[in-house]
Amino acid sequence: MNVYRYEQNPLITPEDVKPYHDGFRVIGAFNAGVARCGDETILLLRVAEQPISSDPDVVRAPVLNPSSGQVEIRELNRNDERYDFSDPRVVRDVATNEGFAFLTSISYIRAARSKDGRRFTIDDAPLVYPSDPSECFGIEDPRCTRIGDRHYLYYSAVSTVGIGVNMVSTEDFASFERHGMIFCPDNKDVVLFPEKIGGKYYALHRPTTRSIGKPEIWIAESDNLNQWGRHRHLMGSRPGMWDSGRIGAGAVPVKTEYGWLELYHGADDRHRYCMGAVLLDLEDPSKILARSGRPVLEPEADYEKQGFFGDVVFSCGAILVDDVLKVYYGCADTSMAGAEIRLRDIMDNLIWK
Ligand code: MAN
């Protein structure tokens, strides 16, 4: 695949972001939602901050206290056998061996703005900050869909009771209306289509089932963007391929003359995250027209292979200008990059049904 990565990559790194919390450091500015507002491109960054620990044996896990609005810190000892610290992102409870007990950082959303789409100025303060009990471990991986004059911003809301998807909306990226949880736990990777199709709103989502099945992409419909129903399994992982382990929607779907183009992420069993494409019918997005054989974009550059969690490229938004797709994507759970891919090249690499 012919991918033109910007010379300025990575466009935003943790060093560019001043920590919001005293005594914390920024470990990630990544997996940003993308919006166009006036003549600006806005990246809605997921900023992850980690409490600084002076003792290498002590992991300090941040948790928001929703009543006070303050982040509190739980200190855990690496030698404590009740916990598993092998994944840098989470602390697992060895006894239950289910999910995680704590995250090692807390994420919120901060805006970075640009006129040319490559050089960004980062806001001083968070744009959306965890506030609800369902957000006590942070808010992550925002996507932003513009419908009419409103921008809908929705993200993973992480807490002790699971990971769901909460939504807010705005017209100006200054004041926000909160809509609450639109997909209940465990669910992530929601993308809303930018217009009604056959009189309905559509969303892709990714439930994580525990009893049977894998984390895969589903589609749902709604009359009002808040209540979702008619859930159907849309597409699965593919054994032996780069998307064999888990898949989820990535960028907000882009309308093209060929169909709805969705850039999704797929990981293999070694947690290597690539991006692929799927083309959905313009009139009925539950119908798959074609899907990538090989990835559209895979971790190749240093900043994609190395970082807090290496070998990850993860997009939450792309902009189509004429026949060029401008893809913004998180790299190695650390930074943001941009690339351009010709629509024609993506189409030529699809396997048609
Ligand atoms: C996974 C990763 C992390 C994230 C947690 C909770 O472990 O995607 O980045 O913080 O899930 O959502």
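This is a predicted model: local features need pLDDT of at least 70, side-chain atom pairs count only at pLDDT 80 or more; totals for chains, interfaces and linings use all residues.
Q: What makes Asp-348 and Arg-344 a salt bridge?
A: Their closest N and O atoms are 3.1 Å apart, and a salt bridge needs a side-chain nitrogen of Lys or Arg within 4 Å of a carboxyl oxygen of Asp or Glu, so the pair qualifies. Residues are numbered from 1 along each chain as its sequence is written, and side-chain values use heavy atoms, with hydrogens and water left out.

Q: How do you know that Asp-348 and Arg-344 are separated by about one helical turn?
A: They sit 4 residues apart in helix H2 (residues 343-348); a helix here is a DSSP run of H or I with at least four residues, while a strand is a run of E with at least two, both numbered from the N terminus.

Q: What are Glu-221 and Arg-230 called, buried or exposed?
A: Glu-221, at 8%, is buried, whereas Arg-230, at 55%, is exposed. The two form a salt bridge, with the closest N and O atoms 2.6 Å apart.

Q: Why is Arg-150 called partly exposed?
A: Its relative accessible area is 21%, which lies between the two cut-offs. Its salt-bridge partner Glu-177 is partly exposed too, at 42%.

Terms used. Buried means under 20% relative accessible area, exposed over 50%, partly exposed in between (1.4 Å probe, protein chains only).
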